Amino acid sequence: MNNSNKFQKISNDRTFIIDCYLEMLSRINEDKVIELIKINTFSEVENTQISTDKIIQSLSIYFQLMTMVEENAATQYRRQMENHQSIFAIRGSWAEAFKLWKEKGIGEDEMLQTLSETQVNPVLTAHPTEAKRITVIEIHRELYLLLVQRENTSLSKLEHYNIKENIINLIERWWRTGEIYLEKPDIKDERANIIYYLSKIFPAVLEKSDQQLKSSWIEMGLNPNKIKNAEVFPKINFGSWVGGDRDGHPFVTPSITQETLVLHRKNALSLIKNQLVNAAAKLSVSAIHNPVPFSLLEILEKKSKELGLKGEEAVKRNPYEPWRQYFNLLLAKLENTSSSISIDSESYYKSSKDLLNDLKFFSNILVENGMKGIAENILFPIERAVSCFGFHLAKLDIRQNSAFHDKAISQILQANGEKDFDFENWTEEKRVELLNKLLQSHSLNTDITIYYGAEADNVLDCYRVVRNHINLYGSEGIGSFIISMTRNLSDLLVVYFFMKETQLLNTNIKVVPLLETIDDLQNGPIILDQFLQHTITQQRASKIEYKQEVMVGYSDSNKDGGTIASKWNLYKAEQELHEIGIKNNFKVYFFHGTGGTISRGGGKYHRFLESMPLNTVNGTIKITVQGETIAQLFGNPLTATYNLNALTSGVAKHSILSKHYSETNKYPLEIMDFLAQKSFEHYREFIETPGFINFYSKATCIDVLEKSKIGSRPARRTGTRSLKDLRAIPWVFSWNLSRFTLTGWYGIGGALKELKTEKPEAFQSLKESIKNWDFFRFLMIQTETNLILTNTEIINLYATLDESVAEREVFMSKILEDYENGVALIEELFEDKSSNRREGQYDNLQWRNEKLNTLHHLHIKYLKQWRDLTDDDNPEKEKTLSKLLSIINSISSGLKNTG
């Protein structure tokens with residue numbers, strides 16, 4: 001394989017890992033699989049006597065090994081930049097941010113204030129592109145760490161040999177482990193996966209991230225004494241949708257939500273307890289050699305009395321170590337908190353803030369008595385962990401579809417004897433009038449003893465679960481109430497009604513519109529303006545600190561209008577929604593509903609944030625991390641640290657930028673309007689062409705994904721077989737698995753061609769803008785990434801699955817024309833061929849393409865077989881489906897981002 005010197009190291013690393021893989025296969029006598037790994041074409045594979053299952057398994061592992069090598073190479077590249085160039089040369093790093101700020105004359109105190117005001121909230125969600133079991137994720141982490149160890153240049157030959165042997169043995173363990181769920185995972189499997197990341201992965205990532213921030217601050221010549229206090233660090237908190245997101249997910253019941261909140265709390269308390277135990281073990285400061293401050297002795301006596309017998313036992317354990325005794329008392333109080341049997345309020349923690357205050361008090365004692373190093377080394381990480389995870393681990397958002405809520409209101413009206421109860425079909429004016437009347441009334445309209453209907457009872461019971469949890473533990477673990485498909489003010493007021501019925505209006509829970517389609521994004525500012533001015537919102541303003549969360553969807557707007565129209569409408573909507581917030585004295589921040597793929601808002605965090613309109617980040621970001629993206633971004637400790645830093649520093653940079661600089665560049669907004677509109681028209685014409693649903697159903701594996709065992713959520717919201725009802729995730733996933741990847745580019749080719757033909761000066765203006773407009777540059781880079789992933793040879797093969805020659809020719813001619821125009825005209829905008837600018841992506845594909853082609857051929861073969869088996873009860877059909885799902889998982893590994 002020809003590689004320039006630029007890729008020599010990664011090429012050597014790939015060769016090394018393949019050698020380890022082949023050696024493992026040799027030891028277990030898998031000689032035919034060895035041949036397969038060495039083979040380069042599908043025709044050669046067809047001539048081998050190897051089972052399909054072995055082909056799928058061996059190539060899946062091959063792809064994942066490639067990905068690990070590439071991740072490690074990226075980490076080592078960043079390390080080399082630190083050593084041979086400078087720490088601030090790394091894009092998305094804290095050092096880059098500090099350098100930029102210093103050059104702009106930003107003072108240290110303002111930097112620290114910006115850090116402390118930065119809030120980052122990654123929200124983990126389960127989706128049908130993530131199929132790996134926890135066991136496999138752990139094997140990945142072990143393997144990655146061995147690859148990192150191998151980079152140590154001072155290792156002896158014997159140590160290198162031992163690392164290689166460990167890698168070979170670990171790959172064998174992986175080979176013998178079932179990689180994906182053989183049965184469709186339920187919500188509990190997905191929840192266990194999310195809790196694993198929250199409790200086992202992210203605490204270590206948080207600590208590494210803080211260390212890098214601290215080191216970068218000092219390395220950039222800033223005052224080291226100012227970066228010791230945990231309170232000046234960014235506020236990082238996690239969220240989750242698993243167990244709270246019930247939109248089209250009938251398996252997320254009120255009891256599942258209750259169970260999830262309890263599990264979150266249990267795991268958070270366990271996490272904090274372990275941190276306290278480890279800290280206590282390190283606090284070996286002796287009273288014999290160190291003067292004991294009076295304030296410490298005083299607090300020991302006070303806390304010991306409050307805890308009674310447990311307090312006495314805690315103090316007796318380490319008689320000459322009052323510092324350790326203090327931690328023993330904290331642990332005793334935390335144990336009471338976990339058991340929930342304490343009656344005396346002084347003997348347990350009502351909230352994590354109380355524990356945080358105890359830790360700060362102790363940290364101050366250490367610092368005042370000359371033990372700054374101990375405070376920084378032992379106390380700081382615990383303070384940060386408590387601040388981040390609290391006693392709740394992650395905030396659980398509650399999401400439901402507006403249509404579900406409408407049905408619930410109709411059921412309540414009918415049960416209450418109203419003759420006109422068809423709320424779902426009322427005019428907006430009539431709906432708002434009723435809701436205002438109900439909200440103004442002091443009496444309740446529902447009764448816990450009455451059955452109203454499936455939807456109404458589900459919503460009310462869910463809200464009661466939240467209310468009961470808050471009564472017991474406070475609102476720390478509750479996220480937002482999110483309404484998908486928010487189309488009108490009434491969709492938000494309905495939630496206020498349910499909150500009123502369950503005594504939740506007096507809490508700090510935010511009611512959040514989710515704007516998903518292009519129409520929703522365009523109407524969003526009007527809806528938000530009405531909502532912020534509503535009496536109930538004004539009454540609750542102080543409880544939610546005059547902050548309003550707005551969720552914007554990348555997936556449905558993409559499915560609705562194509563990638564260019566989607567991204568441009570998101571850009572404009574964020575600007576307008578921000579202005580609405582200012583007008584109403586609210587700080588609007590955005591919850592970005594992004595996915596792994598570019599079509600669904602994926603991409604590098606620092607570029608993503610740089611492409612945001614000025615003033616729209618406001619020091620806060622909430623963002624989904626979905627499915628396969630969790631493992632890709634946060635599965636390995638060094639990669640995870642880099643990505644968390646890129647996200648957090650990106651928000652902080654945006655804050656400084658918005659505060660000090662106005663938009664001086666005159667970007668070609670009208671040209672972008674034209675481009676987005678033309679792209680939208682081309683896209684809509686494509687999906688509205690007669691026969692589209694049939695072509696899509698045949699040329700992709702959407703029918704298989706609907707039977708998928710790799711996610712608990714149904715592929716469709718209501719079960720109706722229509723494009724509108726299909727979830728955006730399987731929509732993107734299905735096109736990408738067939739290598740069309742058109743959800744990430746279709747429409748751009750036709751739109752750019754029209755622009756160049758009809759408005760050549762405007763096209764030239766875009767060529768200039770790509771150099772200095774971050775939004776447009778990022779959009780074109782992302783679009784081109786998807787175009788590079790498209791494989792015209794393979795998509796022509798998938799197209800043959802549509803037996804109608806005339807039909808497939810109609811759609812393939814449209815697809816190929818837009819593809820060719822897109823590739824050529826984006827290259828013209830950048831004034832260079834993609835192969836010159838995107839060497840890394842082409843190199844990654846070069847190591848994958850032939851093996852991906854093998855899987856695509858198998859995918860097509862088994863799709864045909866499965867579809868030909870018309871009897872759903874035929875055991876052969878189920879067997880074939882299992883093969884198809886394994887192939888899908890393997891292709892997904894090869895392409896890295898599919899959903």
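Q: Is Glu-96 buried or exposed?

A: A residue counts as buried when its relative accessible area is under 20%. This model is predicted, and in it Glu-96 has 15% relative accessibility, so Glu-96 counts as buried.

Q: Where does Glu-96 sit, and which residues does Glu-96 touch beyond those up to four places away in sequence?

A: Glu-96 belongs to helix H5, which covers residues 94–103. With residues up to four places away in sequence set aside, Glu-96 touches Phe-88, Ile-90, Arg-91 and Lys-653.

Q: Which side chain makes a polar contact with that of Glu-96?

A: The partner is Arg-91: its side chain and that of Glu-96 are joined by a polar contact of 2.5 Å.

Q: How do I read burial for Ala-268?

A: The cut-off is again under 20%. Ala-268 has 0% relative accessibility, and therefore counts as buried. Its place is helix H10, residues 254–282. Not counting residues up to four places away in sequence, Ala-268 touches Phe-389, Gly-390, Phe-391, His-392 and Leu-393.

Q: How far apart are Met-780 and Glu-809?

A: In sequence the two are 29 residues apart, and in space 28 Å, taken from C-alpha to C-alpha.

Q: Is Ser-566 buried or exposed?

A: Ser-566 has a relative accessibility of 0%, so Ser-566 counts as buried. Helix H23, residues 563–583, holds Ser-566. Leaving out its neighbours within four places in sequence, Ser-566 is in contact with Ile-518, Tyr-554, Ser-557 and Asn-558.

Q: Is Asn-425 buried or exposed?

A: A residue is called exposed when its relative accessible area is over 50%. Asn-425 has 61% relative accessibility and therefore counts as exposed. Asn-425 is in the loop between helix H16 (402–415) and helix H17 (428–440).

Q: Which side chain does the side chain of Asn-425 make a polar contact with, and how far is Asn-425 from Gly-562?

A: The polar contact is with the side chain of Asp-422, at 2.8 Å. As for Gly-562, its C-alpha atom is separated by 30 Å from that of Asn-425, and the two residues are 137 residues apart along the chain.

Q: What is the phi value of Gln-503, and where is Gln-503 found?

A: Phi of Gln-503 is near 55°, a positive value in a residue other than glycine. Gln-503 is in the loop that runs between helix H19 (489–501) and strand S6 (511–515).

Q: Why is Gln-503 called partly exposed?

A: Partly exposed is the class between the buried and exposed cut-offs. The relative accessible area of Gln-503 is 44%, so Gln-503 is partly exposed.

Q: What is the phi value of Asn-615?

A: For Asn-615, phi is near 75°, also a positive value in a residue other than glycine. Asn-615 lies in the loop between helix H24 (605–610) and strand S9 (620–626). With a relative accessible area of 28%, Asn-615 is partly exposed.

Q: How does the radius of gyration of the protein relate to that of a compact globule?

A: A compact globule with 899 residues would have a radius of gyration near 29 Å; the protein has 29 Å, so the two agree. Along the principal axes, the C-alpha atoms fill a box of roughly 85 × 85 × 65 Å.

Q: What share of the contacts with a separation of 6 or more comes from residues 24 or more positions apart?

A: Such residues account for 82% of those contacts in the protein.

Notes:
Residues numbered from 1 in each chain as written. Predicted model: local features only at pLDDT ≥ 70, side-chain atom pairs only at ≥ 80, totals over all residues. Heavy atoms only, no water. Helix = DSSP H or I, 4+ residues; strand = E, 2+ residues; numbered from the N terminus. Buried < 20%, exposed > 50% of the residue type's maximum accessible area, 1.4 Å probe, protein only. Polar contact = N/O pair within 3.5 Å; in protein donor to acceptor, adjacent residues only side chain to side chain. Contact = heavy atoms within 4.5 Å. Rg over C-alpha atoms; globule rule 2.2 N^0.38 Å.
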